[in-house]
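I opened this notebook to keep track of what I looked up, one topic per entry. Each entry begins with what I wanted to know and ends with what I found.

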Amino acid sequence: MTLSDLIGYLAAALTTTAFIPQALLTWRNKHADGVSLGMYIVFTMGIAMWLIYGICMQMWPVIVANAITLMLASFILMMKIIYK
């Protein structure tokens with residue numbers, strides 16, 4: 001593993017885990033009033049595109065981070081729609 005891979009995985013871990021508190025809070029409270037639907041739609045689409053890019057470029061830190069972030073963002077987006 002190269003230093004750039006290590007930095008990539010560390011950045012991925014930090015930015016991805018940042019979504020966990022929001023997902024847990026939304027799930028526990030059963031509402032997503034503070035979450036912008038438009039922003040999360042665009043954001044989730046952007047994360048999906050980053051994942052596709054990572055796959056095309058075979059960049060594992062990008063793939064791993066965006067796969068996990070896509071799941072978390074999709075979960076929050078789904079709760080925003082359900083709890084609307």
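Before comparing helices I needed a definition: an axis here is a line fitted to C-alpha atoms, for helices over the stretch in contact, and the angle is taken between N-to-C directions, from 0 to 180 degrees. I also noted that this is a predicted model.

**Entry: a pair of helices.** I reminded myself that two packed helices are described by the angle between their axes and the distance between the axes. I looked up helix 1 and helix 4 (residues 60-82), and found that their axes come within 8 Å and cross at roughly 5°. That makes helix 1 roughly parallel to helix 4, because angles under 35 degrees count as roughly parallel. I then asked which residues of helix 1 meet helix 4. On the helix 1 side I listed Asp 5, Gly 8, Tyr 9, Ala 12 and Thr 16, and on the helix 4 side Trp 60, Pro 61, Val 64, Ala 65, Ile 68, Thr 69 and Leu 72.

**Entry: the start of the chain.** Met 1 lies in the segment before helix 1 (3-17), and I recorded it as exposed, because its relative accessible area is 76% and the cut-off for exposed is over 50%. Together with Leu 3, Leu 6 and Ile 7, Met 1 forms a nonpolar patch on the surface, and the four have about 490 Å² of accessible area together.

**Entry: Met 71.** I placed Met 71 in helix 4 and noted that it is exposed, with a relative accessible area of 57%. Its C-alpha atom is separated by 16 Å from that of Ile 55, which is 16 residues apart from Met 71 along the chain.

**Entry: Thr 26.** Leaving aside neighbours within four places in sequence, I found Thr 26 in contact with His 31, Ala 32, Met 79 and Tyr 83.

**Entry: two positive phi values.** Most residues other than glycine have a negative phi, so I looked for residues that depart from this. Lys 30, in the loop between helix 2 and helix 3 (37-57), has a positive phi near 60°, and at 43% relative accessibility Lys 30 counts as partly exposed. Gln 58, in the loop between helix 3 and helix 4, has a positive phi of about 55° although it is not a glycine, and at 64% relative accessibility Gln 58 counts as exposed.

Definitions and conventions. Residues numbered from 1 in each chain as written. Predicted model: local features only at pLDDT ≥ 70, side-chain atom pairs only at ≥ 80, totals over all residues. Heavy atoms only, no water. Patch = residues over 30% accessible without salt bridge, like charges linked within 9 Å, V, L, I, M, F, W, Y side chains within 5 Å. Areas by Shrake-Rupley, 256 points an atom, 1.4 Å probe, with all protein chains shown as cover. Salt bridge = Lys/Arg side-chain N within 4 Å of Asp/Glu carboxyl O. Helix = DSSP H or I, 4+ residues; strand = E, 2+ residues; numbered from the N terminus. Buried < 20%, exposed > 50% of the residue type's maximum accessible area, 1.4 Å probe, protein only. Parallel < 35°, antiparallel > 145°, perpendicular 65-115°, else oblique. Contact = heavy atoms within 4.5 Å.
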